[in-house]
Amino acid sequence: MTRVLVADDSETILLLMRTRLELAGYEVETAADGQEVTELLHEGEPGQLPDLLLLDAMMPRKSGIDALRELRAAGVDTPALIVSAHQDATDADAPSDLEVSGFVNKPIDFDRLLDDIAELTS
Amino acid sequence: MAVIGVGRFIQQRQDFEDAIARSYQVEMAARVRLTRGNDNRTARAAVAAQANRRQELRDQISSDTRDTALLVAAGLIAGLTGALLLFSGLIASMRRPLEELVDAAGRLAAGDRSARVEVGGLSETATLGAAFNEMAGQLELEASQRDQLDRLKDEFVLTASHELRSPLTSVQGFAELLMLERDSLTAKQVDTVEIILDNCRHLVRLLNDLLDLARSDAGRLAVTPKPTAVAPLIDDAVRTMRAQTEGASQALSERIEPGLPLVDVEAGRIRQILVNLITNAHEYSPEGASIEVMARVVGVDVEIAVTDDGPGIPESQLEHIFERFTRGDAGLTQRVGGTGLGLAISKSLVELHGGTIAVRSTPGVGSTFSFRLPAAGLSGAGPGAAIAEAS
């Protein structure tokens with residue numbers, strides 16, 4: 001089963017994401033901030049990496065961008081989508097070294113998000 | 001001097017008349033002696049002498065009058081010259097400070113809040129200068145306070161529209177989740193959830209519009225234009241709006257002149273303007289109305305226009321229509337859910353692209369909102385033109 005790791009500091013958003021993604025047939029893990037994301041991935045067995053990261057850009061302790069930067073430095077090349085509350089964040093805003101697969105704007109258009117996830121994990 | 005001259009003239013005239021009168025008295029006495037017949041020679045000589053005497057007196061007085069007139073004239077000229085010299089001195093001493101004041105007022109009006117004058121010269125101009133400086137200082141203080149308030153307002157709008165997005169995502173997301181299970185909901189529940197979703201979309205529009213305006217005010221609304229074809233932009237906007245206009249049985253059509261030149265625009269922003277204009281036409285027109293999107297070349301510009309045959313806009317509203325929070329009369333339709341910001345943002349965006357936006361409307365006939373964008377490469381200095389020439 002395709003596994004997606006979702007990180008957001010809002011429990012409500014995590015519940016929403018989990019529900020929508022599970023309905024669409026994905027296995028979902030959640031993290032409350034970037035710190036938890038890096039800890040989860042460092043502790044996990046190699047080969048146990050999720051198929052996709054869905055990271056909120058702004059989180060306390062460690063942002064999604066900073067977490068992704070750390071993971072990329074550690075050689076993790078899992079595709080990643082950055083969720084941003086900026087109205088019109090675009091791929092052009094991503095630091096080029098992060099290999100961000102795309103931006104998801106809030107409020108989330110789930111039809112588009114599920115299309116993007118399906119494409120990135122196929 | 002002139003006064004002395006006039007006084008002397010009057011005195012001379014008096015003396016002259018007295019002398020003439022005495023001369024006649026002497027002559028009369030001589031003529032009396034002549035008629036008595038004694039001392040004829042002496043009397044005749046006296047009569048002749050008096051006639052001569054009077055001639056001399058007359059010559060004398062006319063020469064004196066001339067001299068006195070000259071004196072009066074000289075006095076007047078000297079007086080006037082003195083007055084002129086005095087005035088020009090006064091004027092000169094006021095003129096420099098006044099010129100400085102006018103110059104400083106001009107700079108202040110043009111936005112140079114540090115404009116001040118040097119206080120000096122006559123006490124009147126010094127007072128004026130000091131008053132000007134005090135006023136300019138007050139204006140500078142108020143302007144800087146206003147700038148600070150504006151910055152705070154922009155920051156607030158940016159932060160608020162950012163912070164509101166997360167809870168909005170939840171509300172909208174869970175409402176959508178409910179709709180995924182609409183088969184197990186009652187018709188009333190489905191209606192309720194649809195109302196929630198409608199209002200979420202409205203809030204999103206409001207947030208996006210407020211954010212755009214705050215950016216525009218802060219000078220942070222920027223576009224990155226690229227040479228872009230107009231027709232696909234219109235197709236895209238029309239496709240986006242199709243479901244809504246069909247829902248109101250409105251005909252939405254395109255009329256695009258073939259062979260339109262490219263325009264230098266940021267596609268997403270032009271699409272946003274078009275969606276704004278078509279949304280307005282849709283919301284303010286009754287069911288069954290016609291909406292047409294046209295594009296054509298006008299001079300060196302491409303003009304895009306959205307025309308409807310809706311109720312039109314009264315002339316009193318037309319002049320304020322591009323101001324924020326101006327909204328048309330919603331009496332005709334309950335569909336109107338706009339934010340009152342769409343046209344203000346559209347105007348900012350069109351102008352950011354170096355274009356212009358305009359409206360024409362006849363009550364009872366319909367409205368046309370049109371905007372013009374300069375065709376790409378026609379400015380001559382664009383990098384695209386240089387590359388095209390080099391290759």
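Helices (H or I, at least four residues) and strands (E, at least two) are DSSP runs, numbered from the N terminus. On that basis chain B has 10 helices and seven strands. This is a predicted model, in which local features need pLDDT of at least 70, side-chain atom pairs count only at pLDDT 80 or more, and totals for chains, interfaces and linings use all residues. Residues are numbered from 1 along each chain as its sequence is written, and side-chain values use heavy atoms, without hydrogens and water.

**Chain B overall**
- Of the 391 residues in chain B, 36% are buried (under 20% relative accessible area, 1.4 Å probe, protein chains only).
- Among contacts (heavy atoms within 4.5 Å) between residues at least 6 apart in sequence in chain B, 70% join residues at least 24 apart.

**Helices 3 and 4 of chain B**
- The axes (lines fitted to C-alpha atoms over the stretch in contact) of helix 3 (residues 123–163) and helix 4 (residues 165–180) of chain B come within 4 Å and cross at roughly 30°.
- This crossing makes the two helices of chain B roughly parallel (angles under 35 degrees, between N-to-C directions).
- S161(B), H162(B) and E163(B) of helix 3 meet R165(B), S166(B) and P167(B) of helix 4.

**Helix 2 of chain A**
- G34(A), V37(A), T38(A) and L41(A) are buried in helix 2 (residues 34–43) of chain A.
- These residues lie on the same side of helix 2 of chain A, because they cover an arc of only 90° around the axis (taken from the directions from the helix axis to the C-beta atoms).
- Their cover includes strand 1 (3–7), strand 2 (27–31), strand 3 (52–56) and helix 3 (64–73) of chain A.

Technical notes: Chains lettered and ligands numbered in written order. Axes fitted to C-alpha atoms, helices over the stretch in contact; angles between N-to-C directions. Parallel < 35°, antiparallel > 145°, perpendicular 65-115°, else oblique. Buried < 20%, exposed > 50% of the residue type's maximum accessible area, 1.4 Å probe, protein only.
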